[in-house]
Amino acid sequence: MLSLLLWLAGLLFELLLLVRAVRTKTLTRYFYFYAYIFCIFAVSAGLYIGRSLSPSFYDAWYWPTQFATLAMGCAVVLEIVRQALAAYPGAERLARLASCAVFAVTFCYLEWHVARRMDWSTTNATVELERDLRVIQALVLATVLAIVFYYRIELGKNVKGMIVGFGAYVGVSLTTLELRSFLGPRFNAGWGDLQTLSYFFALIVWTAALWSYSPNPKPPTTGRNGTGYDALVHGTRAQLESVRSSLRGVARS
Amino acid sequence: MIGLLLYLLVGIGLLVILWVLARREGAPVEGCGRQFVEARQALRTLQLGLLPENLIERIFDREDFRYVMAASPGEIGELFLQERKRISLMWVRRVRCEIRNLMQFHLGYSRLHVKLSLPTEIRLALDFTLLLLACRALRILLNARGPYGAGAVVRILTSAAGRVCAASEKSLAFLNPPALESFRHNSAGDGAAI
């Protein structure tokens, strides 16, 4: 009963988000994010209607539609990278490189892990594919956030909300999926409830954060043409070397 | 089991990072502008406040200690030594603080550069970390050996100060708006302040 209520409430929140996006004219600004919300809304509404018509409909369509929303989840990660670091070309370049590296390393590790497994089955594979995609999303998000912290980048309310909501959902999904794989069917009920609750939490965060348009604070434009980076690095290195040699002298004396 | 731990670590780690993000206080909106000013201040503090020859001589020269020991009882000498140790530790702490300011300055500007290089940034991050660790190690050394285990500091630091200032001036000067520089050059010869 509770999950049904959350399902319906989730549909309402998704609809509300889309309506607010049109009213605040942010639909095109955060296009991939709202495409994800629209996709989830269409899938949830379709599953709800299908389930009321035929009980087997939900079981037959749950995993295929889940993959569609999973793929759209990757678009949300891209949207976050694009929006959070748009004003910082250097940090964005770093995030792109680091994200590609994280993706490649994680993908290779997961492939290797799957190849080593003897007890391969379709049911396990579908759950594991979702979990593995969540791992990649989680690691890319963590990398982007590490760059945001390292370069002290200030985020606006909209982007911060997008990250917190989506990240919480990904983090809880990943943890519960792994626990489900480890504990087996006895964790199914807990897994379903936790996933629904985390998604509901994400919807509340998104609705609150994206209620009105709140862009990221803009940094000053000085030095953005990229011509001074070498000089900056050279200057910083020279300073470091001088201070280091001084401290070395102090330590030796 | 290792797989389970790894996945749980990633999932819970992400939630912790999100918690930090949600609780993070807003960084200053002016960002680079403020860091630019702080970098200049850090440079001036290093140049005029922390690394001048006479200051370091005052802190680390044994002559004062010898004089105090010769002219007053042993307890006064002990007290003097404690005070000098406190001052030398304070000096290291300030140097560390200014290095951190220079680091913030570098991060503030490099994030805006399209040509930013990943290996260079990693190397610099390691360099800054090692330097900050070196300051920490120096504090331990001064705590253990006292302020007068550093006789050669004066010469090395004085010469290093010149290099630091020259390099920093160069690094900071290129960030000055060109228009302002040309205005400065074209200003009246009577030294009108800009």
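Analyst: A crossing is left-handed if the near helix is turned anticlockwise from the far one by less than a right angle, and right-handed if clockwise. The model is a predicted one.

User: Which hand does the crossing of α4(B) and α5(B) have?
Analyst: The two helices are α4, residues 63-71 of chain B, and α5, residues 74-110 of chain B, with axes 8 Å apart. By the clockwise criterion, the crossing of α4(B) and α5(B) is right-handed.

User: Are α4(B) and α5(B) roughly parallel or antiparallel to each other?
Analyst: The angle between the axes of α4(B) and α5(B) is about 160 degrees. Angles over 145 degrees count as roughly antiparallel. Therefore α4(B) and α5(B) are roughly antiparallel.

User: How many residues of the contact of α4(B) with α5(B) are charged?
Analyst: On the α4(B) side the contact has Phe65(B), Val68(B) and Met69(B), and on the α5(B) side Ile76(B), Gly77(B), Phe80(B) and Leu81(B). Of these residues, 6 are nonpolar and 1 is polar. The number of charged residues is given as none: no charged.

User: What share of the residues in chain B is buried?
Analyst: Chain B has 8 helices and 0 strands, and its elements run α-α-α-α-α-α-α-α from the N terminus on. Among contacts in chain B with a separation of 6 or more, 85% join residues 24 or more positions apart. Of the 194 residues in chain B, the buried share is 28%.

User: Are α1(A) and α7(A) roughly parallel or antiparallel to each other?
Analyst: Helix α1 (residues 2-23) and helix α7 (residues 188-209) of chain A pack with their axes 10 Å apart, at an angle of about 25 degrees. Angles under 35 degrees count as roughly parallel. Therefore α1(A) and α7(A) are roughly parallel.

User: How many residues in the contact of α1(A) with α7(A) are nonpolar?
Analyst: The crossing of α1(A) and α7(A) is left-handed. Residues of α1(A) in the contact include Leu6(A), Phe13(A) and Glu14(A), and those of α7(A) include Asp193(A), Phe200(A) and Trp206(A). The contact has 2 charged and 5 polar residues, and the nonpolar ones number 9.

User: Which residues does Val144(A) contact, leaving aside neighbours within four places in sequence?
Analyst: Beyond four places in sequence, its contacts are Ile80(A), Val81(A), Ala84(A), Ala95(A) and Ser99(A).

User: What is the distance in space between Tyr48(A) and Leu4(A)?
Analyst: Tyr48(A) lies in helix α2, residues 31-53 of chain A. Tyr48(A) has 16 other C-beta atoms within 10 Å, so it is partly exposed. In sequence, Tyr48(A) and Leu4(A) are 44 residues apart, while their C-alpha to C-alpha distance is 9.4 Å.

User: Is Lys25(A) buried or exposed?
Analyst: Lys25(A) sits in the loop between α1 and α2 of chain A. Its phi is positive, about 60 degrees, although Lys25(A) is not a glycine. Because it has 9 C-beta neighbours inside 10 Å, Lys25(A) counts as exposed.

User: What is the phi of Arg152(A)?
Analyst: Arg152(A) is in the loop between α5 and α6 (157-183) of chain A. With 15 C-beta neighbours inside 10 Å, Arg152(A) counts as partly exposed. Its phi is positive in a residue other than glycine, and the value is near 50 degrees.

Key
Residues are numbered from 1 along each chain as its sequence is written. Chains are lettered from A and ligands numbered from 1 in the order in which they are written. This is a predicted model: local features need pLDDT of at least 70, side-chain atom pairs count only at pLDDT 80 or more; totals for chains, interfaces and linings use all residues. Axes are lines fitted to C-alpha atoms, for helices over the stretch in contact, and angles run from 0 to 180 degrees between N-to-C directions. Helices (H or I, at least four residues) and strands (E, at least two) are DSSP runs, numbered from the N terminus. Angles under 35 degrees count as roughly parallel, over 145 as roughly antiparallel, 65 to 115 as roughly perpendicular and the rest as oblique. Two residues are in contact if their C-beta atoms, placed from the backbone, lie within 7 Å. Ala, Val, Leu, Ile, Met, Phe, Trp, Tyr, Cys and Pro count as nonpolar, Asp, Glu, Lys and Arg as charged, and the others, Gly among them, as polar. A residue is buried if 20 or more other C-beta atoms lie within 10 Å of its own, exposed if 12 or fewer, and partly exposed in between; C-beta atoms are placed from the backbone.
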